[in-house]
Amino acid sequence: MIPSPFMLPSHSQLSALLRHRRSIKPVDLDHSRDVDRSLLSQILEDATWAPSHGMTEPWKFHLFTAESRQQLAAQMQEAYRESTPPAEFREDKLRKMGENPLLAPVVIACVMERNGGTKIPEIEEIEAVACALQNLQLSATAAGLGCYWSSGLVLDAPGFRTWLGIRAEDRCVGLIYLGWPRPDLNWPRSVRKPVDTKMVWH
Ligand SMILES: Cc1cc2nc3c(=O)[nH]c(=O)nc-3n(C[C@H](O)[C@H](O)[C@H](O)COP(=O)(O)O)c2cc1C
């Protein structure tokens with residue numbers, strides 16, 4: 001359904017939502033409170049309204065809740081051990097990978113899945129998934145949820161890719177940690193550089 005203009009948020013409401021969204025880390029989520037599947041579906045459907053060149057819709061969402069988060073945590077730790085050179089290995093990072101998925105009620109492994117051949121360049125398929133993930137984060141924020149996009153080399157580790165069933169031409173672009181914010185959380189503040197430092201008038 002195409003919403004008529006009077007159903008749309010005003011420009012200033014949308015602007016406020018964009019500025020309100022913050023990365024909320026798993027430790028700041030209420031891990032005792034689940035997210036309803038219907039709400040999750042709505043948020044993911046909002047994500048799919050992102051643009052994609054040629055309408056390839058190259059996103060796939062792997063959802064981890066309840067016990068399956070333990071498998072995800074174990075696989076991430078395994079991938080970190082497998083793919084980190086000894087000089088860069090950090091015990092605290094390994095521990096966090098085991099803990100983070102259990103602190104968030106929902107973890108979504110977001111995959112760029114090519115389904116239209118190779119006509120569209122890979123970068124454009126990744127860009128489309130990034131658009132979808134921003135939609136996801138904004139929709140979650142509007143619902144009052146907290147979320148955070150995590151990336152890292154672990155997602156490209158061969159063992160992790162095989163476990164998730166990622167084909168050679170596809171890529172896991174991030175994990176989205178999602179949940180209700182802790183009731184006592186002070187919503188984080190952030191700043192951006194003045195926009196005129198990012199503008200080049202011709
Ligand atoms: C593609 C992408 C990957 C990110 N990966 C990480 C990450 O691995 N670890 C992390 O702490 N934050 C990650 N972030 C979140 C950024 O750190 C965060 O957006 C930035 O600090 C600005 O904060 P804000 O989201 O609250 O505005 C990522 C964000 C993007 C867009």
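Select E57 to start: this residue is found in the loop between α2 and β1. Helices (H or I, at least four residues) and strands (E, at least two) are DSSP runs, numbered from the N terminus. The model is predicted, so local features need pLDDT of at least 70 and side-chain atom pairs count only at pLDDT 80 or more, while totals for chains, interfaces and linings use all residues. Residues are numbered from 1 along each chain as its sequence is written, and side-chain values use heavy atoms, with hydrogens and water left out.

**Two residues with positive phi**

E57 has a phi near 45 degrees, a positive value in a residue other than glycine. Its relative accessible area is 34%, so E57 is partly exposed. Buried means under 20% relative accessible area, exposed over 50%, and partly exposed in between (1.4 Å probe, protein chains only).

Next, select A66, in the loop between β1 and α3 (68-83). The phi of A66 is also positive, near 45 degrees, and A66 is not a glycine. A66 is partly exposed, at 42% relative accessibility.

**The nonpolar cores**

Now select F61, I108, L133 and L136. These have the most contacts inside the largest nonpolar core, which has 25 residues. A nonpolar core is a set of buried Ala, Val, Leu, Ile, Met, Phe, Trp, Tyr and Cys residues joined through side-chain atoms within 4.5 Å. At least two residues of this core come from each of α2 (37-47), β1 (59-65), β2 (106-112), α5 (122-142) and β4 (171-179). Which element gives the most to this core? It is α5, with 6 residues.

Keep L136 selected and show its surroundings. Leaving aside neighbours within four places in sequence, L136 is in contact with I43, L44, A47, F61, I108 and I176. Contact means heavy atoms within 4.5 Å. Then move to L72, A79, V154 and C172, which are included in a second, separate core of 24 residues.

**The loop between α1 and α2**

Select P26, placed in the loop between α1 and α2. Is P26 buried or exposed? P26 counts as buried, at 2% relative accessibility. Not counting residues up to four places away in sequence, P26 touches N100, L103, A104, Y148 and Y177. P26 and P105 are 79 residues apart in sequence, and their C-alpha atoms are 8.8 Å apart in space.

N100 is buried, with a relative accessible area of 15%. Apart from neighbours within four places in sequence, N100 is in contact with P26 and Y177.

H31 is found in the loop between α1 (11-20) and α2. With 52% relative accessibility, H31 counts as exposed. Its contacts, leaving aside neighbours within four places in sequence, are L102, L103 and P105. H31 and G179 are 148 residues apart in sequence, yet 7.4 Å apart in space, C-alpha to C-alpha.

**The ligand**

Finish at the ligand. Select R21, R22, S23, K25, Y148, W149, S150, S151 and R192, which surround the ligand; a residue counts as near if one of its heavy atoms lies within 4 Å. This shell divides into 2 nonpolar, 3 polar and 4 charged residues. Ala, Val, Leu, Ile, Met, Phe, Trp, Tyr, Cys and Pro count as nonpolar, Asp, Glu, Lys and Arg as charged, and the others, Gly among them, as polar.

A polar side-chain atom of R21 lies 2.8 Å from an oxygen atom of the ligand, and one of K25 lies 3.2 Å from a ligand oxygen atom. For S151, a polar side-chain atom lies 2.8 Å from a nitrogen atom of the ligand. Taken alone, the ligand exposes 610 Å² (Shrake-Rupley method, 1.4 Å probe), and the protein buries 55% of that.

Terms used. Polar contact = N/O pair within 3.5 Å; in protein donor to acceptor, adjacent residues only side chain to side chain.
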